Amino acid sequence: MSTENKNNGHSEDNVLKGTFKVKVGLAEMLKGGVIMDVVNAEQAKIAEDAGACAVMALERVPADIRRDGGVSRMSDPEMILQIMETVTIPVMAKARIGHFVEAQILQSLGVDFIDESEVLTPADESNHIYKQDFKVPFVCGATNLGEALRRIGEGAAMIRTKGEAGTGNVVEAVKHIRAIVGHLKKLSVMGEEELMSEAKNLAAPYELIRWAARNGKLPVPNFSAGGIATPADAALVMQLGAEAVFVGSGIFKSGNPAKRAEAIVKAATHYRNPDVLAEVSKGLGQAMVGINLDTLNASELLANRGW
Amino acid sequence: MKTIGVLSLQGDFQAHCDVVKKVGAIPVPVRTKRDLEGIDGLILPGGESTTMTKLLLSFDLIEPIREMHAKGRGLLGTCAGSILLAENLVESSQFRFGFIPMTVRRNGYGRQIQSFETDLDIPIFSTSFHAVFIRAPKILKCDTGVRILGEYEGNPVFVHYNNLLATTFHPEITEDTRIHDYFLKNCVST
């Protein structure tokens, strides 16, 4: 990976920890999988048994955050630790945008990945966390290519398209993955002389723009999140170019979480196989009740958080 | 040209497919029984072993892979793949093929924050091999007959048993193709 990201490797002889390579390495291992939001150890176990490749530990799923309102913060470390003790798969947890102290705490707990997430209430209205200072990898949301590359410039080891969390409506996830993949295609046919202007237009680091133009992809894995509620939704964003999916409220706000979770795991593997998708979509019970985006005010849209 | 299946249920299977191409073989992503037909060897990639196990069971891949092994086809397992090949797992009852008589502890080096990269001395290669360990399993014990090709801090990290190869690190995410090349030359025949 020839990005300009410096690592902050901690060296003992020739052993390096917390390097960009090691951070992106974990993201690579999660590809083709499903990362599920869980609010307690019991749900974490259900997720692991269903085949989740990782869990996201948080106090309230986005649908409840949306309903309850108020300020949403990092989860109680005790709850996160309980989940870490319960499952053997990687455990992620969320910090508020710009809240580097929450991130320091999560790193100290030993979580495997930190999500600097728009689902929580932002702590800084202009700056994100400087993620290269951390040994633990970060995932950040993005709605377009410029935002994705800014986050990678700060040290993110994985990007997930934001979608609109807690709505059970996949429309925004589709919009964001199309925006990023479409823009990558556009970059790949641009001349070298056009890339500086493009970096300016996108407000993204020039070297990362050049890397993306040469390689036709992001320099880190690109996952999808926000509104995925069915196996078909998961397969849709993956056929559009997402390399794995996050499912938040969609599982534990549905009628039969274990069965739905398992079905989405199978869909993430066989996302190009309609026969399997048909089979796993049968008899899943009630999906989460979705929200139509035009019923939300601009101030209620979580995807607008992030700079 | 040799055809190498890459188990593509979950994990970094694409990275393996890319390396297989680089070493002059044809990669075939394996998601169903039918994908196993006509392959000369199989790679079990890195990823989450619990997820892969679940999907191996759901899509009836276990018996066909056992049959493949019984017919003498070579297998390479990296990280999670090495867990699937091990005979014994410490404190875990999860499924494994058990083809290599060795004992493995999942996440044996700790959580992600303990993941590391380092240069390994591997005697069969003339220069060191840069190895990336991600929440890696630790091989605690190998029975006689298992050839240890590389070690880190006294534990085996690269082993060869008949036509099976296992690494607890990820040769697929570095530019170095020597392990895949070794696999093709020593474990896979057409």
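Biologist: Is Asp64(A) buried or exposed?
Modeller: Asp64(A) is buried, with a relative accessible area of 15%. Buried means under 20% relative accessible area, exposed over 50%, and partly exposed in between (1.4 Å probe, protein chains only). Please note that this is a predicted model, where local features need pLDDT of at least 70, side-chain atom pairs count only at pLDDT 80 or more, and totals for chains, interfaces and linings use all residues. Residues are numbered from 1 along each chain as its sequence is written, chains are lettered from A and ligands numbered from 1 in the order in which they are written, and side-chain values use heavy atoms, with hydrogens and water left out.

Biologist: Which residue does Asp64(A) meet in a salt bridge?
Modeller: Its partner is Arg67(A), at 3.2 Å from N to O. A salt bridge is a side-chain nitrogen of Lys or Arg within 4 Å of a carboxyl oxygen of Asp or Glu. Both residues lie in helix H3 (residues 62-68) of chain A, three residues apart, about one turn of the helix. Helices (H or I, at least four residues) and strands (E, at least two) are DSSP runs, numbered from the N terminus.

Biologist: And is Arg67(A) buried or exposed?
Modeller: Arg67(A) counts as exposed, at 61% relative accessibility. Arg67(A) also forms a salt bridge with Asp68(A), at 3.0 Å from N to O, and Asp68(A) is partly exposed at 40%. Salt bridges that share partners join Arg60(A), Asp64(A), Arg67(A), Asp68(A) and Lys253(A) into one network.

Biologist: How many salt bridges are there over all chains?
Modeller: The count comes to 31.

Biologist: New topic: how do H10(A) and H12(A) pack?
Modeller: Helix H10 (residues 231-239) and helix H12 (residues 257-269) of chain A pack at about 25 degrees, with their axes 8 Å apart. Axes are lines fitted to C-alpha atoms, for helices over the stretch in contact, and angles run from 0 to 180 degrees between N-to-C directions. H10(A) and H12(A) are therefore roughly parallel to each other, a term for angles under 35 degrees.

Biologist: What about phi of Asn162(B)?
Modeller: Phi of Asn162(B) is near 50 degrees, a positive value in a residue other than glycine. Most residues other than glycine have a negative phi. Asn162(B) is in the loop between strand S11 (155-161) and strand S12 (164-167) of chain B, and counts as exposed at 58% relative accessibility.

Biologist: Where is Asn107(B)?
Modeller: Asn107(B) is in the loop between strand S6 (100-105) and strand S7 (116-120) of chain B, with phi near 45 degrees.

Key: Angles under 35 degrees count as roughly parallel, over 145 as roughly antiparallel, 65 to 115 as roughly perpendicular and the rest as oblique.
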